[in-house]
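Trainee: I would like to learn how to read the features of a protein model. Could you walk me through one?

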Amino acid sequence: MRKGFGICCIILGVCCLISSLGLIAYNRWEEEKAQDVSKNILQDVQEDIQDNTREESTSEESTSEESNQYKPEEISVDIPKEMLTTQIDSYDCIGVLSIPVLELELPVLTNWSYAKLKIAPCHYFGSYYEKDFVIAAHNYQSHFGRLSELQPKDLILFTDISGTVYCYEVVLLETLPANATEEMITSGFDLSLYTCTPGGASRVTVRCSSIANE
């Protein structure tokens, strides 16, 4: 009786071990896939940004020549700006996020969803115009899995589709409950980056403030 029970325990233990190894292997495969797709999107987004930068430079030269002949009266109108997007494959992107200290450079997709988070970081709330920008990403090591390594004063860059670079520095790191949505989007910080901890019980959150683009 005891011998049979012992054998059952061993078999159960082996099954659990195999299941655990299978889950680890699947998660690793999923992360590698996300890394490859993200790199391809990043390359295409960077090419679009370079093209837009060249076009804007040419347009500014043309506008400068015209302004020497005629200067219309400027009227200030406070209209909320929409973030520029570019479509790469079937994904809409708003720009590139760079975290030099972590050697990360990633595309940022629009209209976050759990499916998109498995591809690349996503716009979660706000905008760089309104200075309430929130970006979410999976906790893959190639995405936001190393956010907790950041320190105050670390530099973070976001380049929009026009080629404009927005510079930020880390102010603080905090851990929020998974259901702290209001705290995430009403922090008063110019940029917030977050990812879920393993198991999803809480969110590693990095708060950042804008700094001058030197």
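Predicted model: local features only at pLDDT ≥ 70, side-chain atom pairs only at ≥ 80, totals over all residues.

Trainee: Let's start with the rings. How do I describe a pair, and how many aromatic pairs does a search of the whole structure find?

Mentor: A pair of aromatic rings is described by the distance of the centres and the angle of the planes. Here, the search turns up 8 aromatic pairs. Take W112 and Y114: their ring centres are 5.1 Å apart and their planes are at 85 degrees, so this pair is edge-to-face. W112 is partly exposed because its relative accessibility is 31%, while Y114 is exposed at 64%.

Trainee: And what kind of pair do Y128 and Y129 make?

Mentor: Their planes meet at 55 degrees and their centres lie 4.8 Å apart, so the pair is tilted. With a relative accessibility of 3%, Y128 counts as buried, and Y129, at 26%, counts as partly exposed. Both belong to one aromatic cluster, together with F133, F158 and Y166.

Trainee: When I click on F158, what is it in contact with, leaving aside its neighbours within four places in sequence?

Mentor: Its contacts include I94, V96 and L97, and also V108, I135 and Y168.

Trainee: Now the cysteines. How many disulfides does the structure hold?

Mentor: To count one, check the distance between two cysteine sulfur atoms, which must be within 2.5 Å. This structure holds 0 disulfides. C93 shows you the reasoning: the closest cysteine sulfur to its own is in C122, 9.3 Å away, which is too far for a bond. C93 is also buried, at 0% relative accessibility.

Trainee: How do I look for pockets, and how much space lies in the largest pocket?

Mentor: Rolling a probe the size of a water molecule over the atoms shows where empty space is left. In this model, the largest pocket holds about 340 Å³ of space. Its lining has 16 residues, and those nearest its centre are Y114, L117, A137, H138 and C196. The elements that give two or more residues to that lining are α2 and β8, with β8 giving the largest share, 3 residues. Y114 is the exposed ring from our edge-to-face pair, and C196 is partly exposed at 33%.

Trainee: What about N111: what is its phi near, and is the residue buried or exposed?

Mentor: Phi of N111 is near 50 degrees, again a positive value in a residue other than glycine. You will find N111 in the loop between β3 and α2, and its relative accessibility of 56% makes it exposed.

Note on methods
Residues numbered from 1 in each chain as written. Heavy atoms only, no water. Phe/Tyr/Trp six-rings, centres within 6.5 Å; stacked < 30°, edge-to-face > 60°. Buried < 20%, exposed > 50% of the residue type's maximum accessible area, 1.4 Å probe, protein only. Contact = heavy atoms within 4.5 Å. 1 Å grid on protein atoms, 1.4 Å probe; cavity = no way out; pocket = protein on both sides within 12 Å on 5 of 7 lines; lining within 4 Å. Points joined across faces, edges and corners; volume = space filled by probe spheres on them. Helix = DSSP H or I, 4+ residues; strand = E, 2+ residues; numbered from the N terminus.
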